[in-house]
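Subject: Structure handover

Hello,

Please find the structure below. My notes on what was found in it follow.

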Amino acid sequence: MTLLSVESIDKSFGGVAAARDVGFSVERGEMVALIGPNGAGKSTVFNMIGGQLKPDRGRILLDDADITTASPQERFRRGVGRTFQVAQTFLSMSGIENVQMALISGHHQSRRLWQPARTLYREEAFALLECVGMVEAADRPCSTLAYGDVKRLELAIALAGEPKLLLMDEPTAGMALRERAALMDLVSTIAQDAKIGVLFTEHDMDVVFGHADRVLVLLRGRIIAAGSPEDVRNDPQVRQAYLGDSHALTRSV
Amino acid sequence: MDLSFLVIQALNGLSSASSLFIAACGLTLVFGVTRIVNFAHGSLYMIGAYTAATLVPNLLEWSYGPVPFWLGILISALIVGLLGVVMEVLLLRRIYGAPELFQLLATFGVVLVVQDLVVQIFGPQDILGPRAPGLRAPVEILGRRFPSYELVLIAAGPLVLGFVWFILKRTRFGVLVRAATQDREMVAALGVNQALLFTGTLFLGAFLAGLGGALQVPRVAANNGMDLSIIAECFVVTVVGGMGSVPGAFLAALIIGQLQAFGILLFPKITLVVVFLLMAITLAIRPNGLFGRPEHFSGAHAIGIASHAPGRFNAIAVSALLVVLAALPLVADEYFLKVATEILILALFAFSLQLLIGVGGLVSFGHAAFFGLGAYGAALGVKWLGASMEGALPLAPLLAALGAMAVGALVVRLSGIYLAMMTLAAAQILYAVAFQWVEVTGGDNGLVGIWPSTWAAPRSVYYLVTLALTAGTMLLLKRIIDAPFGYALRAMRDSQARAEAIGLEPRTHRWLAFTLAGAAAGLAGGLYAFSRGSVDPTLLGIPTSVDALTMLLLGGIQTITGPIAGAAVLHTLRDQIMPLTAFWRLFLGLSIIGMVLIFPRGLIGTLRYWRQA
Amino acid sequence: MTTPLLDVAKLSASYGRAQVLFDLSLQLHKGEVLALVGRNGAGKTTTLKAIMGLVSARAERLTFSGFSLIGLPTYRIARLGLGYVPEDRRIFTDLTIEENLEVGRRAGRPGRSPWTPERLFKLFPNLAGMKGRRGNEMSGGEQQMLSIARTLMGNPDAILLDEPSEGIAPVIVEMMAEAICAMKAEGVAILLSEQNWAFAAGISDKACVIERGAIRFQGPMADFLANHALRAETLGV
């Protein structure tokens with residue numbers, strides 16, 4: 001059974017089409033990259049899958065269940081985890097409390113008024129921090145962590161909901177170079193082990209071609225190419241989209 | 001009810017709409033450009049009225065006629081405009097980047113300062129202004145007499161709209177103001193000095209406030225309560241019209257003017273309620289008002305309570321403090337116990353607000369609503385149900401919780417300044433009900449004879465009852481803050497996107513937070529009613545809400561214990577200094593401004609910061 | 001070589017705790033067009049914003065016309081003669097075209113013929129027919145022209161131009177290229193951030209390749225064009 005299947009979704013803003021007839025799928029344990037130049041509609045597509053936007057047309061299915069109009073909260077309960085372009089964590093809490101908060105919500109415990117939160121699911125949270133290599137940051141305030149660590153913490157938060165599908169919006173943006181590959185290797189391993197499908201957007205082509213099983217190329221709201229990194233790299237349309245009109249090159253000199 | 005009567009009512013509505021628009025227009029202009037809701041706008045209006053009421057008679061004595069009269073009105077407005085410039089340069093300029101809570105509090109500090117200065121400069125008594133020369137005789141409309149000055153006012157609204165329209169559309173300053181309303185950063189990138197633009201905007205806004213006040217002089221006496229009554233109405237006009245929109249303010253003023261004129265025929269007792277209901281309904285349908293655009297607020301989320309390691313020391317300290325407090329009746333006299341009782345009550349009041357602001361990031365500006373509901377709940381139980389203290393006191397948190405559920409349901413969709421304005425409006429609705437529903441609430445005089453049962457009547461016993469209930473409730477709230485629910489509130493404050501992505505439902509959590517905080521504030525209100533023996537509408541007023549905010553600010557909004565220290569300090573100061581000076585409000589206002597500018601962390605927060613640094 | 005008009009040395013910038021620029025240096029000389037090329041997310045926009053004082057940044061040296069820009073408020077930087085056209089254009093949508101131009105108006109250096117709405121309408125004929133129209137009734141390409149025209153109204157000596165070709169129709173891109181050449185002919189230096197680098201190649205004198213927040217190459221455009229390996233590596237997919 002296909003994990004995520006996006007069926008010809010459209011979205012326009014005030015008459016301007018941001019996504020046109022976009023369709024693709026993501027399988028369990030697969031890493032899929034969504035790339036394209038600025039303004040190609042990556043964020044629009046991403047936010048429709050994450051639940052921040054509703055498509056004008058088309059369907060989004062998760063494990064064959066229609067989630068086209070589901071709220072972000074409903075999607076979370078159905079197994080969608082996500083990270084944001086600018087990492088979103090709870091800055092007033094410690095590292096482990098961030099993960100505990102996600103576990104508390106995942107277990108429908110967020111309205112309890114008596115039991116101290118810091119005693120709940122501490123071991124599970126610790127295990128998740130261990131998984132992303134953040135044990136030493138467990139009791140440090142999130143606001144004092146380096147940005148690369150915040151990104152990893154956010155991954156642990158997203159994993160706390162035991163997602164089937166992980167959405168990562170520019171997972172390495174703002175990170176130092178050496179941290180980027182390490183983070184994506186980690187994601188890759190976790191996705192393999194837990195059979196999680198990963199859909200990510202990314203600007204860093206090294207990250208895309210080094211870690212994606214499949215690549216989707218978006219241009220002016222349409223998918224113009226999809227396939228293995230090798231195929232996409234050699235696609236003339238893609239080269240054109242990124243390199244521009246080759247005639248302009250000859251004209252300029 | 002014949003046609004001529006309806007026409008006269010409509011004209012009355014138009015004239016109050018005009019007055020309201022002139023008063024509110026400057027507020028919305030200033031907000032549009034500076035993003036500051038200027039609480040002191042009503043104070044500028046009041047200064048305009050006092051200045052005109054003092055200046056115009058002198059001019060008329062010198063030479064009687066329309067020219068000196070209108071010249072006097074204009075000069076008064078210009079003077080107020082210059083005061084606006086002073087305010088911008090000395091205060092607003094320093095708080096443009098501050099969280100909206102601090103902006104509102106700082107400008108409210110100005111309100112307090114102006115209240116004392118006005119009494120000092122113009123005297124405590126109301127000043128009746130002169131009638132306008134040439135407009136003393138009423139005109140006859142459809143066989144009914146109608147004051148001719150009202151006709152001038154009806155014309156003044158559109159004239160001011162035209163004047164503002166001309167400035168905004170036909171002058172370079174206006175073009176820059178409109179550009180800055182939309183994108184301040186881009187205006188700066190084009191080489192425009194925003195500081196001058198902001199100063200100019202404040203001049204214009206204050207000028208209009210002063211003009212609004214001065215124009216009222218022939219019909220209402222200048223009095224020292226007009227600042228808060230007009231600012232509440234101005235808030236409604238700007239919020240209904242959409243904050244920052246001048247045409248929106250005009251339309252809103254028109255609607256409200258007619259609603260007041262005809263509302264008084266249908267519901268003579270609850271005209272104020274009708275107006276605030278309009279605001280509630282407008283915001284429920286259009287969260288940004290008629291012509292407003294979505295606001296993106298930031299900054300407020302950066303402040304608030306953070307996690308801290310639990311210490312055994314804390315538990316010991318709390319126990320020790322409770323023992324000391326419980327032993328107080330052994331040594332303290334009656335008066336001291338009375339003050340201590342009130343401090344405990346106010347501490348609970350402020351602590352309950354901390355759940356909303358410090359934990360949830362929900363800047364409620366109408367917390368007096370729940371305190372007052374609690375007080376009235378208890379008092380009405382005694383007066384109308386004949387209940388004893390034991391029977392009436394539980395009604396306090398109950399009624400307040402019901403009120404908080406209703407208010408919460410309306411405001412959980414809103415954020416930032418709209419939430420602050422809406423909670424303020426809710427409190428004003430209740431204030432109006434308490435004020436106008438004389439048969440039940442006793443109106444202005446309130447209800448008296450709300451005394452504890454005989455066993456609890458001695459000061460020392462009532463003190464201990466208060467200690468048990470307030471300390472118990474605060475410990476309960478503390479427990480809730482540390483529980484998953486409190487963490488979830490903080491999570492939604494820290495990052496709404498992340499909170500939603502892990503399945504948290506902000507609206508239901510925030511609604512529950514309002515209910516809990518309301519119930520706790522209501523209990524404080526109930527205890528307060530029995531402590532004083534009476535209730536009156538001031539318990540629901542804006543100053544009561546600001547008291548709670550000041551205690552929070554004083555103690556520090558990022559500390560759990562801050563509000564308690566804030567309540568102790570504020571109430572002790574008030575108790576010690578108020579009898580000694582005529583300048584209590586001046587002192588309080590300057591203190592609030594000083595705290596916002598110098599100690600935004602509050603007392604406990606600053607102490608902790610020093611200890612950590 | 002003369003002293004540069006805009007001199008940036010070791011510029012670093014962060015958004016919150018995410019560092020975006022790492023010790024970036026570049027020079028823009030009088031009357032030249034320098035293209036800042038690089039992939040999406042490489043730090044081009046942040047570089048321009050940091051120069052303009054719109055994001056907090058540290059630098060060893062950051063001068064324009066000999067004046068240090070470090071710590072200056074944005075409006076003072078603009079008044080030194082440095083114009084800025086943002087990537088998202090940021091037209092004042094409630095204002096008409098003429099009013100948008102009015103916001104940008106600022107007297108220029110004496111002795112140079114100042115930009116007027118009339119001259120700008122000649123440069124961007126599309127705008128001439130719709131002076132009274134509001135910004136929210138314009139296409140992306142028209143907004144882009146207006147954004148450039150608005151900045152020119154301040155008679156700048158140099159313009160930071162962020163992605164002028166993004167999201168606009170090819171025929172308008174062509175017009176944009178002509179307008180940039182005309183501006184250059186007027187002696188306006190341009191620091192151009194471009195992803196569509198074929199467009200950049202056609203109009204720029206020099207190239208500056210930025211990768212992951214640091215400068216990878218700076219030199220004449222011809223050298224960059226000739227260096228196929230570098231081109232493929234920094235821009236190719």
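To start inside chain C: β8(C) and strand β9 (residues 189-194) of chain C pair in the parallel sense over five bridges. Strands here are DSSP runs of E with at least two residues, helices are runs of H or I with at least four residues, both numbered from the N terminus, and two strands pair if DSSP finds at least two bridges between them. Ala158(C) stands opposite Ala189(C) in β9(C). β8(C) is also joined to strand β7 (residues 82-85) of chain C by four bridges, again running parallel, and Tyr84(C) has Leu160(C) as its bridge partner in β8(C).

Because five of the five residues of β8 (residues 158-162) of chain C are buried, this strand is largely enclosed by the rest of the structure. (Buried means under 20% relative accessible area, exposed over 50%, partly exposed in between, with a 1.4 Å probe and protein chains only.) Ala158(C), Leu160(C) and Asp162(C) cover one face, and Ile159(C) and Leu161(C) the other.

This is a predicted model: local features need pLDDT of at least 70, side-chain atom pairs count only at pLDDT 80 or more, and totals for chains, interfaces and linings use all residues. Residues are numbered from 1 along each chain as its sequence is written, chains are lettered from A and ligands numbered from 1 in the order in which they are written, and side-chain values use heavy atoms, with hydrogens and water left out.

Next, the interface between chains A and B. On chain A, 32 residues are in contact (heavy atoms within 4.5 Å) with 32 residues of chain B. The buried area, meaning accessible area (1.4 Å probe) lost by the two parts on being put together and summed over both, is about 2800 Å², 60% of it from carbon and sulfur atoms. In chain A, Gln73(A), Leu113(A) and Arg118(A) lose the most area to chain B, together 23% of what that side buries.

There is one salt bridge between the two chains, a side-chain nitrogen of Lys or Arg within 4 Å of a carboxyl oxygen of Asp or Glu. The side chains involved are Arg498(B) and Glu154(A), at 2.9 Å, N to O.

Lastly, chain A has an open sheet of four strands in the order β2-β1-β4-β5, with antiparallel pairing. Its edge strands, each pairing on one side only, are β2 (16-26) and β5 (65-66). β4 (residues 57-62) of chain A pairs with β5(A) over two bridges, and Leu61(A) has Asp66(A) as its bridge partner there.

Regards
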